Amino acid sequence: GIAADGWHHPVPVPADTRSAWAAALFYAAARARMAAALSRDGREVLVVDRWWYSTDAYVETLPQEPTRWALVKLMRAELAVLPEPSLVVLLTAPPALLDARLARRGELRPKNADALRASYDSIASALDWPVVHTDRARDVVTAELVALVRERLVLGTPAPTPGCCWRTSSR
């Protein structure tokens, strides 16, 4: 019952964006195009699969090197111009389930998947994001997400569905 548009980063990443810097630029450009379309269309609710936080999580897994610092500068530039989300939710599941989902989409598990997951967990904890475990029944997960959106958009908050976990560890 909530009118919303959806958006996700283009997948799979084109072959010419295999370096960390090229991939970050590719994703930044996609987010910039989407943000421009948002402002033109006057949309109010948008559900996004990974915002600039995905680059932030990835950067946290990189060693201290020039590429990392360049990516930090890129993220600062994006942060200055992209709309701030009203709600960010970390969706998680056990690693085996995540691997199976990646395989179904024809994607490979990143080499640094464990470090990336730890980085997302750290960011979610530091910024007090709600964590939604997606290894439960689809209707339970959907009810939890809808309740979070309704609460944030002040649309009236129904009682949580039994089995929903509002703020828990993602492990």
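The side chains of E78 and R31 meet in a salt bridge, with N to O at 2.7 Å (a salt bridge is a side-chain nitrogen of Lys or Arg within 4 Å of a carboxyl oxygen of Asp or Glu). E78 lies in helix α3 and R31 in helix α1 (residues 20-41), so the pair ties together parts that are 47 residues apart in sequence. This is a predicted model, in which local features need pLDDT of at least 70 and side-chain atom pairs count only at pLDDT 80 or more, while totals for chains, interfaces and linings use all residues. Residues are numbered from 1 along each chain as its sequence is written, and side-chain values use heavy atoms, leaving out hydrogens and water.

**Around E78**

- Helix α3, which holds E78, covers residues 66-81; helices here are DSSP runs (H or I, at least four residues), numbered from the N terminus.
- E78 is buried at 5% relative accessibility, and R31 is buried too, at 0% (buried means under 20% relative accessible area, exposed over 50%, and partly exposed in between, using a 1.4 Å probe and protein chains only).
- Leaving aside residues up to four places away in sequence, E78 touches A28, R31 and W52, where contact means heavy atoms within 4.5 Å.

**The other salt bridges**

- The structure holds three salt bridges.
- E60 and R68 form one of them through their side chains, at 3.7 Å from N to O.
- In that pair, E60 is partly exposed with a relative accessible area of 45%, whereas R68 is buried at 10%.
- E144 forms a salt bridge with R136, and their closest N and O atoms are 2.5 Å apart.
- E144 counts as buried, with 0% relative accessibility.

**The second largest pocket**

- The volume of the second largest pocket is about 190 Å³; a volume is the space filled by probe spheres set on grid points, which are joined across faces, edges and corners.
- A pocket is an open set of points on a 1 Å grid over the protein atoms alone, where a 1.4 Å probe fits, with protein on both sides within 12 Å along at least five of seven lines; lining residues have an atom within 4 Å of a point.
- Lining this pocket are L91, R101, T134, R136, A137, R138, V141, T142 and L145.
- Helix α6 (residues 138-152) gives the most to the lining, with four residues.
- By type, the lining residues divide into four nonpolar, two polar and three charged (Ala, Val, Leu, Ile, Met, Phe, Trp, Tyr, Cys and Pro count as nonpolar, Asp, Glu, Lys and Arg as charged, and the others, Gly among them, as polar).

Notes: Helices (H or I, at least four residues) and strands (E, at least two) are DSSP runs, numbered from the N terminus.
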